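Morning, everyone. Please bring up the sequence and the model, and keep both in view while I talk.

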Amino acid sequence: MSAKHVEIIPANGTEVFIPLNKLKKSPNNARKTPHSETAIEGYAASIAAKGILQNLVVEPELDGEGVATGFYLVSIGEGRRLAQLLRVKRKEIKKTEPIRCVIDTANDPHEISLDENVTRENMHPADQFEAFRRLAEERGFGAEEIAARFGVTPHVVRQRLRLGAVSPKLVQLYRDGNLTLDQLMAFAITDDQARQEGVYERLSYDRDASTIRRLLTETHVAATDRRARFVGLEAYVEAGGTILHDLFTEDRGGYLEDVALLDLLVTARLGREADALRAAEGWKWTEPHLDFPHAHGMRRAYPHPVELSAEDQTALQVAQTEFDRLTEQHQTAEELSDEVDARFGELETQIEQLEVKRQAYDPGDVARGGAFVILNHDGTIRIERGFVRPEDDKPHAEAGREGDAQAPDEEGGEVNPATRDDEGENGDNEEEDEEKSLSDTLVRDLTAHRTLRNKTDRNDARGIAQMMRLGWYRAVHVKNIDMQKMRTLLTNRKLLKRKLIDLENHVRGALRAYGLLVGAVARGAFEARIRELIEHCDPIFVMSIQVMLDVRRALLEGYDRLHRVLLQVVQHDPVCRRLMTVPGVGPVVALSFKVGVDDPHRFARSRTVGAHFGLTPKRHQSGTSIDFEGRISKQGDISVREALCEAAASLLLRVRKWSALRAWGLRIAKRSSMLCAIAAVARKLAGILHRMWVSETDFHVGFGAKITQRLRLKPAQ
């Protein structure tokens, strides 16, 4: 006969130590959503550093007969129990670790669990910031140690420490509700409390966080600035410069505080590059400049095509062959490995350097000319060659005049000696008269200005002629009548599509007010879905919706007719069919591009097409401290720009087949953003489409790389 063991239940309110493996989650726990892994990590770190600061509240587990089983159900403290289990898993404690608990058999376990999670208030964030700062200042804890004691990342600790260092005046405004957390984080970009308060006093109605950051960094230079990218952050720091980092936003490298040092480094490196260029190419002079000196007042000489040397030709063929081989080998791949992608970049650079050698300057121009070494918008060097100063052109001009004066002698004519004597006696007077006389051009312009004071038809015509002669006008391209018709087709189709979408959204909104949700539905099934929803509605409401459906049906029929016409036009147009061989370019994009360009020969270079349609970034510059690029200019035909951006987005996000253009765009998206990549690909796509149109070639997966042949065309007459 065996005696049954009876578990003794401690009295209510008793504090006991219970082994961890004897604790279970209570089914009456009010928290049904489990704790996050981050929260459990925080509990575990806190318990490891300071122990369990708050007791667990448990109740005995009873079997079906009401007898205690020896286990206890945790009503309050389930997160701490899970944290201890995590520590057991990490071999930090044993599974029999005693846990201090309080027995509660008097209260309802579900109610006290709800009370534990509801009737409490978290600390104000400002109190957290100040408490973390005191830990760092008074106890000497670093960010890593504080993070380990509270189960958060060191980055979070640095953020709170930075917020704790904000001016007490601003923190009090945050406590009072006069500043938001985003605004306080914007002020935390700098540790200078006086500057923080000064910027706050300067704020008017615009108190956006971006405005605060801009005012606090207006005397700094962003790490994305062309000067910083040119010098490099490592070189700037090695020279003694400091960088200000924003812990709360993606600052892309931070802000450089010592602008004078940065400018000094830029000037020094540009000077070294200019000296190296003069030594390598033999120019008479080279000048470094941040921007191109448009008021240089010099004549420019241009290179002429030359044949490559046998060595360079062989190297070009080898590089081109390898590039074509890699292109064919990976044209079906969705993504390229880092090694292959890097090899493509090396080949593009090598081939571009060899292609440059196809153009050469005349040795005489090199001997008396020079070049400007300019800092480009992306932090790279741009070299503009072939500029000849006026004083370097004088000997040649005087030689030409002396040749004209000696022409009669060479032809056998005689010169009157008396004339030579007169010239010798009156030479000084003639030189003085020449210095005092005005040029024929200036006399003609002054006469025209005096004549135009009286407004008549004849004087107006003369004024127009003068403006044409001086170039005071902007040439405008007028599209031919066929392109005007195609543009009308595109705009009418776009208008109907926009109105169709607006009407459908209006119907959806009207039904939503009655609790009727249309949901995702195809365009062809839209009307049937609407009639199904309004079947049992008020007759007046049904009638008003049916009228809208009738109008929608008419719009849809008109849109379909115009779209079919557009497809037929593209089908019979060889240029559009050729443009559609580019991945992502459809009928609408192809026709929009053709209509926008009209005559491809009016663009001397294909690279200017993207700028013509407003796909190049704007430049904001003022003095030495403000110099950055903005968004794209959005000039030119908006329909063509939208079509190119849609094609670029389709190429990057939908097309899976590899191409050099897509790989180039994905590299930009990886280091910048997808929006920047779409704009860049759209800009390059404009040049590729123009080049395909002019050269009458279909798209190749290698197009879009730097090696694509540049076509130089004469502008249309």
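Let's start at Val655. Val655 is buried, at 18% relative accessible area. Buried here means under 20% relative accessible area, exposed means over 50%, and partly exposed is in between, with a 1.4 Å probe and protein chains only.

A quick word on the source. This is a predicted model, where local features need pLDDT of at least 70 and side-chain atom pairs count only at pLDDT 80 or more, while totals for chains, interfaces and linings use all residues. Residues are numbered from 1 along each chain as its sequence is written, and side-chain values use heavy atoms, with hydrogens and water left out.

Back to Val655. Where is it? Val655 sits in the loop between α29 and α30. The helices (H or I, at least four residues) and strands (E, at least two) are DSSP runs, numbered from the N terminus. What does Val655 touch? Leaving out residues up to four places away in sequence, Val655 touches Pro583, Gly584, Ser650 and Arg662. Contact means heavy atoms within 4.5 Å. Take Gly584. Gly584 and Val655 are 71 residues apart along the chain, yet their C-alpha atoms are separated by 6.9 Å.

Now the whole protein. There are 31 helices and 16 strands. Of the 717 residues, 36% are buried. Look at contacts between residues at least 6 apart in sequence: 66% of them join residues at least 24 apart.

Next, helix α27. Nine of its 11 residues are buried, so α27 is largely enclosed by the rest of the structure. The buried residues are Val589, Ala590, Leu591, Ser592, Phe593, Lys594, Val595, Gly596 and Val597. What do they pack against? The partners are α23 (481–512), α25 (539–571), α26 (574–579), α28, α29 and α31 (674–695).

What follows α27? Asp598 does, with a positive phi near 65°. Asp598 is in the loop between α27 (587–597) and α28 (608–612). It counts as buried, at 9% relative accessibility.

Lys634 also deserves a look. Its phi is near 60°, a positive value in a residue other than glycine. Lys634 lies in the loop between β16 (626–632) and α29 (638–653). Buried or exposed? Lys634 is exposed, with a relative accessible area of 54%.

On to helix packing. Two packed helices are described by the angle between their axes and the distance between the axes. Axes here are lines fitted to C-alpha atoms, for helices over the stretch in contact, and angles run from 0 to 180 degrees between N-to-C directions.

First pair: α1 (residues 37–50) and α2 (residues 78–89). Their axes come within 8 Å and cross at roughly 75°. That makes α1 roughly perpendicular to α2. On the scale used, under 35 degrees is roughly parallel, over 145 roughly antiparallel, 65 to 115 roughly perpendicular, and the rest oblique. From α1, Ile40, Glu41, Tyr43, Ala44, Ile47 and Ala48 meet Gly79, Arg80, Leu82, Ala83, Gln84, Leu86 and Arg87 of α2. The residues of this contact of α1 with α2 are eight nonpolar, two polar and three charged. For the classes, Ala, Val, Leu, Ile, Met, Phe, Trp, Tyr, Cys and Pro count as nonpolar, Asp, Glu, Lys and Arg as charged, and the others, Gly among them, as polar.

The contact uses Gln128, Phe129, Phe132, Arg133 and Ala136 of α4, with Val157, Arg160, Leu161, Leu163 and Gly164 of α6. By class, the contact of α4 with α6 has six nonpolar, two polar and two charged residues.

Last item: the second largest pocket. About 1200 Å³ of space lies in it. Of its 38 lining residues, the closest to the centre are Gly42, Tyr43, Ser46, Arg80 and Arg120. How is a pocket found? On a 1 Å grid over the protein atoms alone, a pocket is an open set of points where a 1.4 Å probe fits, with protein on both sides within 12 Å along at least five of seven lines, and lining residues have an atom within 4 Å of a point. Grid points are joined across faces, edges and corners, and a volume is the space filled by probe spheres set on the points. Which helix gives the largest share of the lining? That is α1, with seven residues.

Thanks. Over to you for questions.
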